[in-house]
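Work through the exercises below with the sequence and the coordinates open. Each task is followed by a solution in steps.

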Amino acid sequence: MGEMKSMQMGVIGALFLSVASSVSIVICNKALMTNLGFPFATTLTSWHLMVTYCTLHVAYRLHFFENKPIDTKTVVLFGLLNGISIGLLNLSLGFNSIGFYQMTKLAIIPFTVLLETLFLNKKFSQKIKFSLFLLLVGVGIASITDLQLNFVGSVLSLLAIATTCVGQILTNTIQKKLNVTSTQLLYQSAPFQAAILFVSGPFVDKYLTGLNVFSFQYSPFVVGFITLSCLIAVSVNFSTFLVIGKTSPVTYQVLGHLKTCLVLAFGYTLLHDPFTPRNIAGILIAVLGMLLYSYFCSVASKSKQGSSESAFIGKDRDTTPLLSQEKENHEAKKLDKHSAV
């Protein structure tokens with residue numbers, strides 16, 4: 001019982017850390033890119049991952065965690081896949097309207113459900129599917145303003161969805177199958193994610209913005225915000241692997257849409273961004289979907305735990321009479337032998 005309670009507290013802590021750090025980095029990056037004119041998102045992400053790896057390496061050297069060897073091929077492919085998915089999401093935003101990009105992010109949940117159902121034989125109840133549907137409708141109403149389609153943008157969005165879904169499913173599967181922690185997996189995969197983005201980032205950013213990251217005028221304010229963004233990113237990357245490992249890829253995506261609603265609300269209250277009744281209605285519907293998802297998952301988890309406990313008890317009840325009967329038969333045989341003598 002105490003172990004179950006500590007696990008629940010761990011999950012709550014991971015969820016809170018993920019929400020707090022993600023909202024913080026959105027605010028920081030918005031100031032960096034909008035107010036200070038630093039538009040190089042892909043290159044910035046590579047710096048995030050480099051700082052994350054360096055921070056974890058220091059923590060490892062100070063014996064805060066143990067490093068567990070993982071097959072090199074698995075780590076390299078996993079790291080490259082996650083790096084590619086980040087690049088594709090940025091390209092999708094560059095080639096599509098903001099509305100279509102939001103649709104791309106919304107499509108990750110149903111695609112993840114489909115992949116887990118087909119390849120991992122995971123079951124999602126109708127109630128959970130309904131709550132996810134409500135969530136997606138709410139976030140769509142709140143955040144999607146325009147939909148402009150083009151062929152290249154659509155292909156990039158599909159590739160971004162596929163790589164993101166597979167990457168997040170692997171994040172969960174590798175931790176469980178290989179019995180590694182989120183910290184160990186992030187520590188070993190971060191260099192490969194950073195490497196592919198560090199090489200491709202300047203080209204992607206140049207194509208999307210028409211500006212060169214190396215010729216940008218770095219003022220003290222810009223450097224300060226970049227440093228702050230990188231430090232917050234350590235927490236974001238760590239909490240991402242932690243949440244997916246402790247819960248599931250779908251739960252992580254649900255949490256991501258909660259962050260979207262919080263960022264929209266924050267933009268309205270503190271930055272005075274335009275806010276309409278449609279935004280409010282969408283956020284309320286999305287929050288209702290999240291609450292229902294959380295409730296149905298909790299009920300399903302308790303039901304599963306209860307059935308496993310009853311099965312264990314039932315197993316004990318089935319085996320005990322057999323053992324007793326064998327013992328009685330053995331004693332009877334001994335008595336018969338003594339009688340014969």
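A residue counts as buried when its relative accessible area is under 20%, as exposed when it is over 50%, and as partly exposed in between. The model used here is predicted.

**Exercise 1. Overall make-up**

Task: State how many helices and strands the chain has, and what percentage of its residues is buried.

Solution. Step 1: the secondary structure amounts to 10 helices and 0 strands. Step 2: in sequence order this gives the pattern α-α-α-α-α-α-α-α-α-α. Step 3: the chain has 341 residues, and 40% of them are buried. Step 4: take the contacts between residues at least 6 apart in sequence; 88% of these join residues at least 24 apart.

**Exercise 2. The packing of H7 and H8**

Task: Classify the orientation of H7 and H8 to each other, and list the residues that make their contact.

Solution. Two packed helices are described by the angle between their axes and the distance between the axes. Step 1: H7 covers residues 182-209 and H8 covers residues 220-246; their axes are 10 Å apart, at an angle of about 125 degrees. Step 2: angles under 35 degrees count as roughly parallel, those over 145 as roughly antiparallel and those from 65 to 115 as roughly perpendicular, with the rest oblique. H7 and H8 are therefore oblique to each other. Step 3: the crossing in which H7 passes H8 is right-handed. Step 4: H7 contributes Ser182, Thr183, Leu185, Leu186, Ser189 and Gln193 to the contact, and H8 contributes Asn237, Phe238, Phe241 and Leu242. Step 5: sorted by class, this contact has 5 nonpolar and 5 polar residues, and no charged ones.

**Exercise 3. Cysteines**

Solution. Step 3: compare accessibility. Cysteine 230 has a relative accessible area of 6% and is therefore buried, whereas cysteine 54, at 45%, is partly exposed.

**Exercise 4. Glycine 10**

Task: Is glycine 10 buried, partly exposed or exposed, and how far is it from leucine 242 in sequence and in space?

Solution. Step 1: glycine 10 belongs to helix H1, residues 2-35. Step 2: its relative accessibility is 26%, so glycine 10 counts as partly exposed. Step 3: glycine 10 and leucine 242 are separated by 232 residues in sequence, while their C-alpha atoms are 9.5 Å apart. Step 4: leucine 242 is also one of the H8 residues in the contact with H7.

Conventions:
Residues are numbered from 1 along each chain as its sequence is written. This is a predicted model: local features need pLDDT of at least 70, side-chain atom pairs count only at pLDDT 80 or more; totals for chains, interfaces and linings use all residues. Side-chain values use heavy atoms; hydrogens and water are left out. Axes are lines fitted to C-alpha atoms, for helices over the stretch in contact, and angles run from 0 to 180 degrees between N-to-C directions. Helices (H or I, at least four residues) and strands (E, at least two) are DSSP runs, numbered from the N terminus. A crossing is left-handed if the near helix is turned anticlockwise from the far one by less than a right angle, and right-handed if clockwise. Contact means heavy atoms within 4.5 Å. Ala, Val, Leu, Ile, Met, Phe, Trp, Tyr, Cys and Pro count as nonpolar, Asp, Glu, Lys and Arg as charged, and the others, Gly among them, as polar. Buried means under 20% relative accessible area, exposed over 50%, partly exposed in between (1.4 Å probe, protein chains only).
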